[in-house]
Amino acid sequence: MITPRAMKNENLTLFAPAKINLTLEVFGKRADGYHDLRSLVVPVSLYDVLTLTPLDADIEVSCEVVGLPGENLPMLPAPRDNLAVRAAHLLREVTGCCGGARIHIRKEIPIGGGMGGGSADAAAALTGLNRLWGTGLSIEALMELGARLGSDIPAMVYGKAVCMEGRGEKITPVPTCWTAGTEWWIVVVNPGFNVPTGDIYRRFRSGLTSNEETFINARFALERGDRKLACASLVNSLEAPVYDKYPLLASVAGRLKSAGADGVLLSGSGASVFAVAENHGQALVIEARMKRENGSWLWSRVAQILPDGVMVAHGPLEARV
Ligand code: C5P
C-alpha cells in the first residue's frame, strides 16, 4: 500500500485546457458499441482550474461555474459521477494508494460542449493526484487509466497536439512548429445547452464525410502552422447528425462564416462551434459581430490554440507538471 507523500498543507493548482477537434472522422461502429475514429485534437486556452488538497482518506469534490451560461449549472454531474472523482478512485484502486483529496473545480469550459471539459478535469486529476500522492505512474500508464474513463481522456493527459485513433485510446503526437505569437486564434460559441455524445453517435450514419487527402492536408497544416490549409481541411463527421437534430447550431456555424471566418467547425459532438480567425484582432471582430447580431444568449470566448498544452501547476510540489 502506498502512503501519500504530500503533507496536509500542500495543495496543487492545475490548469486543465479544453480541446477542439480540427478533424473528426467517424468510420463505423465496433463490436463494443463504440465507433472507430480518427481525430486531430489540439488544446486551447480555455481552462477549468482544479485545486487538489490532500485529505486523510476521503475524496471530496466541489464545483463552481464561472462565466458559463446559467443553463450549465444543472448540467453538473452528481459528485460520484464526476469524472475527476472517478479518476481519483481509479488511481487509488490500481496503485493501492490510501490517500484522500479535496478536488475543487472552477469550471470555465462549457459543460457537454464538445470541448472535453469533463475529460480535461479527469486528466488533470490523474496527473495532479499522481504527483500529490506520489504514486509515480508514467504518462503512458495515466493515459491508459484515462482511456478506461472516457475516449477523450488519453489525448488530454498527453496534453499536446495529437492524432487520436481507435476509440480514442491510440494517441500519436503531432509535432507542431508554433513559436510564441504564431499560434492560431479561434472564436468559440456555445448556445448554453449540452449535446449528449452517445445520442449523436447513435444518429451517425456512415457516408463520405472526408477522404484521406483531407486528413493528410489537415495534419500537414497543423505540423507547418499553415492556417489557410487547416481551414480548408476542417472536417467533422458528426456535424450532419448534430446539425440535423439542432438546426440552431447549423445556423450559428453559418453566422460565424458570414462574420468573416475562413474556417468554421463543430467541436467534437457539439454543442460548441469554433471559427479559426486570421489573427487575434479578427477573432475579436468576429466575436463582437456575433454578440451584436445574436444577443447575449450566445456564450462566446476568444482563445488561442496552445502550442504546448502541458497543464501548469502551482504549488509547493512542482512548478510544472
Ligand atoms: O468515451 P465517452 O464516455 O466519452 O463516450 C460517450 C459516448 O459516445 C459513448 O457511450 C458512445 O456512445 C459514444 N462514442 C462512440 N465512439 C467513440 C467515442 C464515443 O460511439 N469512439
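Modeller: Happy to. Around the ligand you'll find Gly33, Tyr34, His35, Leu37, Gly150, Ser151, Arg167, Thr197, Gly198 and Tyr201, where being near means having a heavy atom within 4 Å of the molecule. This is a predicted model, where local features need pLDDT of at least 70 and side-chain atom pairs pLDDT 80 or more, while totals for chains, interfaces and linings use all residues. Residues are numbered from 1 along each chain as its sequence is written, and side-chain values use heavy atoms, with hydrogens and water left out.

Now the polar contacts (pairs of N or O atoms within 3.5 Å). The side chain of Ser151 puts a polar atom 2.6 Å from a ligand oxygen, and a side-chain N or O atom of His35 is 2.8 Å from an oxygen of the ligand. Arg167 uses a polar backbone atom instead, 3.0 Å from a ligand nitrogen. On its own the ligand has 450 Å² of accessible area, and the protein covers 73% of that (Shrake-Rupley method, 1.4 Å probe).

Why does the ligand lie between the two domains? Domain 1 (12-173) and domain 2 (185-304) both give residues to its shell, so that is where it ends up; the bounds come from an automatic or database domain assignment.

Note on methods
Polar contact = N/O pair within 3.5 Å; in protein donor to acceptor, adjacent residues only side chain to side chain.
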